[in-house]
Amino acid sequence: MPTIEVSKKGLMRKLGKPISDEKLADRIAMMGAVVERMDGDSWVIEAFPNRPDLLSEWGLARALRGFLGVETGLPEYKVHNSSYEAHIDESVRGIREHVAAAVVKGLKMDSEAVASIMQMQEKLHTTHSRNRKLASIGVYDLGKVQFPLDYTTVRGDYRFVPLGYRREMSIAEILREHPKGKEYAHLLAGTDLYPIWLDAAGQVLSLPPIINSAETAVTPETKGVFIDVTGLNARIVEQALNIAVAQLADMGGGIYNVHFGEFTTPSMDPRKMGLDISYCNRLLGLSLTWEQAKGYLGKMRIGTSDGMALVPAYRTDILHPIDLVEDIAIAYGYENFKPEIPQIATIGGEGRRAIMGRKAAEVLAGLGFLECNTYHLTSSETPKRMGQNEKLIAAANPVNVNYNALRSSLLPGLLQILSENRHYDYPQRLFDIGVVFGAGAREELHLAAASCQARADFTEAKSYLEALLRSMGYKPSFKAVSGMPFLDGRAAAVYVKKKKVGVMGEASPKVLENFGLGLPVAAFELGLEKLIS
Amino acid sequence: MVSLHEHEKRILLALNGPMGQRELAKATGLNPDSVAHASLWLMSKGLVRISEKRKALLSLGKEGKEYLKEGLPERQALMAIGGGTTASELEKKLGKGKFRIAMAWLMRKRLARSENGKLTLTAEGRKVLTKKMPEEEALEAIAAGKGIAEKEAGVLKGRGDLIRVTEDVARVISITPKGKKLVAGGITAATGANQLTPEMLQDGSWREMEFRPYNVSAVVPSVYPGRRHFAKQAMEYVRKVWLEMGFQEMEGPIINTSFWNFDALFTPQEHPVRDMQDTFFLKQKGELPEGGIVDRVRAAHELGTEGSIGWGYSWDPEKARELVLRTHTTVLSAMAIAKLKKEELPAKLFSVGRCFRNEALDWSHLFEFNQVEGIVVGGGVNFKHLLGYLKQFFSKLGFEKARFRPAYFPYTEMSVEIDVLHPRGEWVELGGAGMFRPEVVVPLLGEDIPVLAWGPGFDRIIMDYYSIRDIRELYKNDVQQLRTMRQWMRG
């Protein structure tokens, strides 16, 4: 989950209320974030991925002021009308066509504030914007930008000085050589037209979603900023801008809109959402009045008007009235709900597979076998060790090369376990019950058992197999078969009611060698579901 | 007072002068091993002395046994030559190997003479025809088990594998003055049987028997049961807990389409959990379910169900067809709800099953894990009931105190994180729960009714119960550990 590092003193100052460390950590947790680390003044806070607005000291403080009752209700963000204009060229359609922008003026900047803006931008990029894929944010020194602006496209040979470099580079060069270019070039793959922000003087602002120009960077001397968001998803773009603008306004800036001809951004107007209080009470098991609900919503910085909830523009997680209900529950306090068991009479019952597995396990344990607990994932090389050339179902993207495919039988797992336990006394008799995977992603519950000892042989395996099946009410018959992993002449297919349900035999010495086993192994493997159906 | 084992007492009482171990075994009725063992104890207590006599012990080797039966090669040759024969005839009769050995000894002992390929016996040779050679006498003596001096056996040495010499250490045990004093002071030993035998029961002789008491603190050989794996025992218990509360078990596939694993659970297609690095994808694709369910799920994502604004993006059915190893058993809940009919409500369902995440392997991370899943559909359930079930479940696992914090899952609202108070005094995070969002329930069930859902992990509870630090130990299958691990005793 995404985290931010905040200064506890900075946070306290913004809260405007003294509170102990312990209490603060508890309140943060009960509001729906996690204090991951408290290291003197540096606290690391984890926010849930649906609350990117909490990923800054300012945003966290805004929410906490409400939750602690310092300042409740909807935060007001006034957007001043302005004459700032920008033009979107048709050519961005299909590339990064969704755009929103704003101007914030009257900022008192210092190096801390610059760092705070950078952190906000970075967090919005990695979380809400899915690593700049869905949206990317640019922040520029307003004093270095001349309106009206142009959001348009250029070819790969277009040149400017990117942030972090002192020389002009072509876009093609930037994508090849600049660290940010290399990191995000894939987001512009498949186009030879590149999105670009230009000002009235032809000065480059940025190449979204890759890099800003060096000329327009924000510094501690900056008094106002132009901020843009471009991307693939209109809602994500708009939300990213709103979160950024809300923070800049909290930092003391005044918000000014930007006109794009047909539309204007940002709109910091709250979204209206109806909330049926009886729906809320039914879900929470409470009997709140609308007045009480209003109070709880206010603690979550959600406004109310005429029986409607007013959702702040920076909240991205409110999709349905149920999300308001959760906010009410959080404000009410999860710790204040009294756990209850409802009076619902239902009849319980075990699954069919589970019953079969449990019954077989009981018999085998009674016969002196030890049950093993194994992985479903194995190596694609496993059949080779069994002397077979079967192809297992492979994972497309395994992190562990030794566990890159799905097992098709349980016996190899038992042989592997035997090979890892050679230092213990014999006989060792093991069994395993679990799902195996066949062609066409077919799944089946299997049972395998193996006996490893100096005198393990076909007869022993057959005795145990017969004991197991007899106990479960089945009468097996046997037909000689040949082929790995068993020794020729000492292997059989197992039939119940004329249906083949499994195999058994003495493991081939070649297989024992592959597993480094110095004692014979007699084993069987059954398809448990084949027995039922 | 010296404490004496029953065996030690019997040896002290039996000793009249120095005695060998075998002799003592006979006198005490103990087996020779017990005598050896008890004598060593007596020696360490200063009650007896043990002196060792080493003696060479002779036995016949392979050729020795053969020659005893068939005669020495030179004896066989003597018999064959008789009045005279040729060397080539003799070779034919004895075989090449034996012929050579025989000739060498005939010549060395001057028993025969060879002239122009003709063999005749010497005077000595004729004499030996009716008399035993010293080697033959030695062979017979050894075979008969008569003690013969090593010197006499010397004639057999250096002749292949005729005899074998092993060293025999005979221990002679004699009582010390301290031992004598102890015996004089009076010790008594029960005479009687070690083992109640079928014969004693048949002939009734057990009535006259006294049975020697056992040392009840003595170490006995270990025996091990066949048994369920300790982790499976724990899982059986968890299943029992839900069964007792009237829950029906859900079973279902491990390989699922992304549709069931993610889309049906309102997880947007751009969600990080659907990235390649977190989830196991297979190379092939699966099929989407028939009926209107796909359209309803698509609509929930794009536009939202009634009252919802959805995620607001363009939903891709191809991405929904990607096959994954289930990342949570919640996929079973989604499928179960889709199958539920109105008349089957309220329904309480559970599962305990393996889930997968594409993760590197270390002491605290595994690519497979166990999840406990449960849902309650309908019956007018609310958030308090969710907390009630969770509290009840964890108290059945020995955690009396549970607390609940807000959490986030794409498919639940309210969402809850559960912490339990561990007996060592700290809060431990044990997993997530919530109420399914309308965007999940409506497309699957057709109407918006409250559904409680939980899916805490279970491996940490098993590890805690068995004091396991390394999560890989759950799948290590160390045979000795499986044999000796204590049983899951909660029940």
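Predicted model: local features only at pLDDT ≥ 70, side-chain atom pairs only at ≥ 80, totals over all residues.
Me: How many residues apart are B:Arg298 and B:Glu302 in helix α15 of chain B?
Reply: B:Arg298 counts as partly exposed at 28% relative accessibility, and B:Glu302 is likewise partly exposed, at 22%. Both belong to helix α15 (residues 293-302) of chain B, where about one helical turn separates them because their spacing along the helix is 4 residues.

Me: Which residue of chain B meets A:Glu350 in a salt bridge?
Reply: A:Glu350 is partly exposed, with a relative accessible area of 23%, and lies in the loop between α10 (321-332) and α11 (352-366) of chain A. Its partner lies in helix α13 of chain B, so the pair joins two chains, and that partner counts as buried at 6% relative accessibility. The N to O distance is 2.7 Å, and the residue on the chain B side is B:Arg239.

Me: How many salt bridges does a search of the whole structure find over all chains?
Reply: Side chains of opposite charge can pair when their charged atoms come close. One such pair is A:Arg93 with A:Glu90, whose closest N and O atoms are 3.6 Å apart, and both of these residues are exposed. Over all chains, the search of the whole structure gives a total of 65 salt bridges.

Me: Are the residues on the two faces of strand β16 of chain B buried or exposed?
Reply: In a regular strand the side chains alternate between the two faces of the sheet. In strand β16 (residues 451-454) of chain B, B:Val451 and B:Ala453 are on one side, while B:Leu452 and B:Trp454 are on the other. Both faces are covered, and these four named residues, B:Val451, B:Ala453, B:Leu452 and B:Trp454, are all buried.

Me: Which residue stands opposite B:Leu452 in β16(B)?
Reply: Strand β15 (residues 427-436) of chain B pairs with β16(B) in the antiparallel sense over 3 bridges, and there B:Gly434 stands opposite B:Ala453. Strand β12 (residues 368-377) of chain B also runs antiparallel to β16(B) and is joined to it by 4 bridges. The residue facing B:Leu452 is B:Val376.

Me: How many disulfides does a search of the whole structure find?
Reply: A disulfide is a covalent bond between the sulfur atoms of two cysteines. For A:Cys452, the closest cysteine sulfur is in A:Cys372, at 12 Å, which is too far for a bond. A:Cys452 is buried, with a relative accessible area of 0%, and B:Cys355 is also buried, at 0%. Over all chains, the number of disulfides found is 0.

Me: What accessible area do the residues of the nonpolar surface patch with B:Met209 have together?
Reply: B:Met209 lies in the loop between α12 (198-203) and α13 (230-244) of chain B, and is partly exposed, with a relative accessible area of 33%. The patch on the surface is formed by B:Met209 with B:Leu196, B:Leu201, B:Trp206 and B:Phe211, and their accessible area together is about 450 Å².

Me: What distance separates the centres of domain 2 and domain 4 of chain A?
Reply: Chain A is divided into domain 1 (3-67), domain 2 (79-265), domain 3 (271-336) and domain 4 (352-532). Taken over C-alpha atoms, the centres of domain 2 and domain 4 of chain A are separated by 61 Å.

Note on methods. Residues numbered from 1 in each chain as written. Chains lettered and ligands numbered in written order. Heavy atoms only, no water. Disulfide = S-S within 2.5 Å. Buried < 20%, exposed > 50% of the residue type's maximum accessible area, 1.4 Å probe, protein only. Domains from an automatic or database assignment. Patch = residues over 30% accessible without salt bridge, like charges linked within 9 Å, V, L, I, M, F, W, Y side chains within 5 Å. Areas by Shrake-Rupley, 256 points an atom, 1.4 Å probe, with all protein chains shown as cover. Salt bridge = Lys/Arg side-chain N within 4 Å of Asp/Glu carboxyl O. Pairing = 2+ DSSP bridges.
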